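Hi everyone, thanks for coming. Let me put the sequence and the model on the screen, and then we'll talk through some charged side chains.

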Amino acid sequence: MENMIKKIVDADNEAKAMEKDTLEEKEQLSKSIEIETKKIYDDYMAKAEEVVKRNDIQEAKKAEQQWEEIQGKHNSVHIKLDSDFKLNCDKWVDEIVKRTVAQ
């Protein structure tokens, strides 16, 4: 009987030790998962930031190119208007005066 009680106590102590080991292992795995999750998140965010920076640079270049095209068109129109003005200034003034006097 005493031997049976000792076996039961020993089995209980062994079960408690196994439970303790299991809980410690669970805690270590939980920490490991947390660390790995943070690493994956940080890597993903770093890559996302890199993509955003690359896109910002591309968009800035695209905007600069569009601005230069607009400026070029503006300069062309300005030159044409100056040319038209120089060629037709006297004719336009004469026409304005003629129409004003005619009324």
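Let me start with a definition: buried means under 20% relative accessible area, exposed means over 50%, and partly exposed is in between, using a 1.4 Å probe and protein chains only. Two notes on where this comes from. This is a predicted model, where local features need pLDDT of at least 70, side-chain atom pairs count only at pLDDT 80 or more, and totals for chains, interfaces and linings use all residues. Residues are numbered from 1 along each chain as its sequence is written, and side-chain values use heavy atoms, with hydrogens and water left out.

So, how many salt bridges does a search of the whole structure find? The search gives eight, a salt bridge being a side-chain nitrogen of Lys or Arg within 4 Å of a carboxyl oxygen of Asp or Glu.

First up, Lys 39 and Asp 43 pair at 3.8 Å, N to O. Asp 43 is partly exposed at 37%, and Lys 39 is partly exposed too, at 46%. They sit four residues apart in helix H1, about one turn; helices here are DSSP runs of H or I with at least four residues, numbered from the N terminus.

Next, Glu 27 and Lys 31, whose closest N and O atoms are 3.6 Å apart in their salt bridge. These two are also four residues apart in helix H1, which covers residues 2–102. Glu 27 is partly exposed, at 47%.

Last, Arg 99 bridges to Glu 95 with 2.8 Å between the closest N and O atoms. Here Arg 99 is exposed at 57%, whereas Glu 95 is partly exposed at 31%.
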